[in-house]
Amino acid sequence: MGLVDVVYRGVFRRSSTFAVAILGGAIVFETYFNEICDKWLAQHNAGKRYADMRKLYPIESAEES
Amino acid sequence: MSFANTVRAPLGTASFKARIGAVSCLARRNYHTDIPEPDFEAYRSNSSKQANVSRDKFDAKRKVYSYTLVGGASAATVYMGKEIVQDLVGYLDINDAARALAITEIKLNDVPVGKSLLTTWKGMPLFVRHRTEAEIKAEQAVDLLSLRDPQHDSDRSLTPEWMILVGVCTHLGCIPLQDQGSFAGGMYCPCHGSHYDSSGRIRKGPAPLNLTVAPHKIKGEYLIVG
């Protein structure tokens, strides 16, 4: 079990390396978690958001350009 | 166990001392010596049952499962804590509705060269002037030592063509008139006769400071003030 040994001895055994791995994992987790949740909500509320309907109601504003 | 050798038993019977001494030779526990150590064989992992193998060799396989779960849960908890702190600190910021009210958008094509626009920003009058080449040259060439409030023209705008000023006279707060006064493209305050040049700097009259420059940025064909 080479990978298991490397991961355990290299990361999990020491609190310092474990903490660094957790913080890095939190950053990665945040990115993918936000993306997945946004996609799911968009799919769950399809057609109801402004982003879906903006083509029906064109407004000339600085934010649009 | 030096403890057994040095203790002076306050109850002071020989049998008490002998019992303490005998126990310390056999087991590490000094109390509950009647309970046998339980048999944990059923709970041992397969990898730990190998005889004559150092525990270091199979530690990883046993522990990595638990540590992965702990690590994953900790990462999720760190993310939760970060979101909570971020939201709480974010409450100190102004909300989106208030921020939207504090912004004025102007379409740049509405103001041709040499013309001024009067509008409002955050309840104050806003002067937007599209300056001509001649005005820009004149303002950039002004000697700063001759000004009451010395400021170079290029410090007062992002681009020389667009002058965005708050239209409140720095003397006593009247609203100056645009394209009036002794200076080309400048402003004149009718209340007490302050003359501003096309860069909004005070030149003649009682006002002490230049007209305030409104913070702005140009995004595509729109000017966003505030």
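Is Cys37(A) buried, partly exposed or exposed, and at what relative accessibility? Select Cys37(A): at 30% relative accessibility, this residue counts as partly exposed (buried means under 20% relative accessible area, exposed over 50%, partly exposed in between, with a 1.4 Å probe and protein chains only).

The model is predicted: local features need pLDDT of at least 70, side-chain atom pairs count only at pLDDT 80 or more, and totals for chains, interfaces and linings use all residues. Residues are numbered from 1 along each chain as its sequence is written, chains are lettered from A and ligands numbered from 1 in the order written, and side-chain values use heavy atoms, without hydrogens and water.

Next, select Cys174(B) and Cys191(B), which a disulfide joins with an S to S distance of 1.9 Å (a disulfide is a pair of cysteine sulfur atoms within 2.5 Å). A search of the whole structure finds one disulfide over all chains. The torsion about the S-S bond of Cys174(B) and Cys191(B) is about -100°, so the disulfide is left-handed. Cys174(B) is partly exposed at 22%, and Cys191(B) is partly exposed at 37%.

Move to Cys189(B), which is in no disulfide; the nearest cysteine sulfur, that of Cys169(B), is 3.7 Å away. Cys189(B) counts as buried at 2% relative accessibility.

Finally, select residues 116-121 and 124-130 of chain B, strands E2 and E3, which run antiparallel and are joined by six bridges (strands are DSSP runs of E, at least two residues, numbered from the N terminus; two strands pair if DSSP finds at least two bridges between them). Thr120(B) has Pro125(B) in E3(B) as its bridge partner. E2(B) and E3(B) form a hairpin with two residues between them, and Lys122(B) in the turn has a positive phi of about 55°.

Terms used:
Helix = DSSP H or I, 4+ residues; strand = E, 2+ residues; numbered from the N terminus.
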